[in-house]
Amino acid sequence: MKLLDDAKAKLSSEVLSIENRTDLTDDEKVTRICTIFGTTCAALAVQPIPFADVFILTPIQGVMGKKIADIRGFSITDAGMKEILIEIASLLGLGAAGQQFALGLYKVGLPGLAGFTTIPLVFGITYGMGKAMDYYFKQKVKGQKIDKALFKDIYKKEKAKGKQKSKEQKEEINKQKNEFKN
């Protein structure tokens, strides 16, 4: 699918070796990754593809998780990523899946409203997921247990921050949205 290939190419060019950069702290790298992936997912989510978001956004969010793991020094094999994503999804519960379903409904029933509501929602979800995954990988590297309540709290707080941050990224989101249309 050209849309997914274009998104992967853009993400690859912007995040390929961020874990090796010495001019940023690991926290700055993670925040940058969450912002880049949030921007890309928001730009893709406003494309007129009802209910396909989960099939497009989820793999991209999985790549975001892999990059965060790389930054934190947590080694993931391709096979292991599936188990990690299942564990993270179970920690988040059905909330994220429900939000993806709501996006599909917006696109079918209220296409004009979808762009207005989709950008902050998808950016927030992706940003919050990234920050929650960061907590997850930091705990794994230390060999410590994941506190489910803390994980959900981080996701919820960072999702709200991400919704606000989407306003700062509006120009970049619109630029990418137009690139993906072509």
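Tutor: Residues are numbered from 1 along each chain as its sequence is written, and side-chain values use heavy atoms, with hydrogens and water left out. Because the model is predicted, local features need pLDDT of at least 70 and side-chain atom pairs count only at pLDDT 80 or more, while totals for chains, interfaces and linings use all residues.

Student: Happy to start! How many helices and strands does the protein have?
Tutor: Helices here are DSSP runs of H or I with at least four residues, strands are runs of E with at least two, and both are numbered from the N terminus. From the N terminus on, the order reads α-α-α-α-α-α-α-α. The count is therefore eight helices and zero strands.

Student: What percentage of the residues is buried?
Tutor: Buried means under 20% relative accessible area, exposed means over 50%, and partly exposed is in between, with a 1.4 Å probe and protein chains only. The protein has 182 residues, and the buried part comes to 47%.

Student: Which residues touch the most other members of the largest nonpolar core?
Tutor: A nonpolar core is a set of buried Ala, Val, Leu, Ile, Met, Phe, Trp, Tyr and Cys residues joined through side-chain atoms within 4.5 Å. In soluble globular proteins, nonpolar side chains tend to be buried together. The largest core here has 45 residues, and those touching the most other members are Ile33, Tyr136, Phe137 and Phe151.

Student: Which element gives the largest share of this core?
Tutor: The elements that give two or more residues to the core are α2, α3, α4, α6, α7 and α8. The largest share is 12 residues, and it comes from α6.

Student: Which residues does Ile33 contact, leaving aside its neighbours within four places in sequence?
Tutor: Contact means heavy atoms within 4.5 Å. With those neighbours left aside, the partners of Ile33 are Val15, Ile18, Met64, Lys67, Ile68 and Ile71.

Student: How many residues of α2 are buried?
Tutor: Helix α2 covers residues 26-45 and reaches 28 Å from its first C-alpha to its last, close to the 28 Å expected at 1.5 Å a residue. That expected span is 1.5 Å times one less than the number of residues in the helix. The helix is mostly covered, and of its 20 residues the buried ones number 15.

Student: Are the rings of Phe74 and Phe137 stacked, edge-to-face or tilted, and what decides?
Tutor: Rings of Phe, Tyr and Trp (its six-membered ring) pair if their centres lie within 6.5 Å; planes under 30 degrees apart count as stacked, over 60 as edge-to-face and the rest as tilted. By this rule there are four aromatic pairs. The ring centres of Phe74 and Phe137 are 5.4 Å apart and their planes meet at 40°, so this pair is tilted.

Student: Where do Phe74 and Phe137 lie?
Tutor: The pair links distant parts of the chain, 63 residues apart. Phe137 is buried, with a relative accessible area of 0%. Phe74 lies in the loop between α3 (53-72) and α4 (78-92), and Phe137 lies in helix α6 (residues 111-142).

Student: Which residues are linked in a network of salt bridges?
Tutor: The structure holds 10 salt bridges. One of them joins Lys157 to Asp153, with the closest N and O atoms 3.2 Å apart. The residues linked in a network are Glu19, Lys66, Lys67 and Asp70.

Student: Which residues does Glu158 touch, not counting those up to four places away in sequence?
Tutor: Glu158 sits in helix α7 (residues 148-168). Glu158 is buried, with a relative accessible area of 14%. The residues touched by Glu158 are Gly124, Tyr127, Gly128 and Lys131.

Technical notes: Salt bridge = Lys/Arg side-chain N within 4 Å of Asp/Glu carboxyl O.
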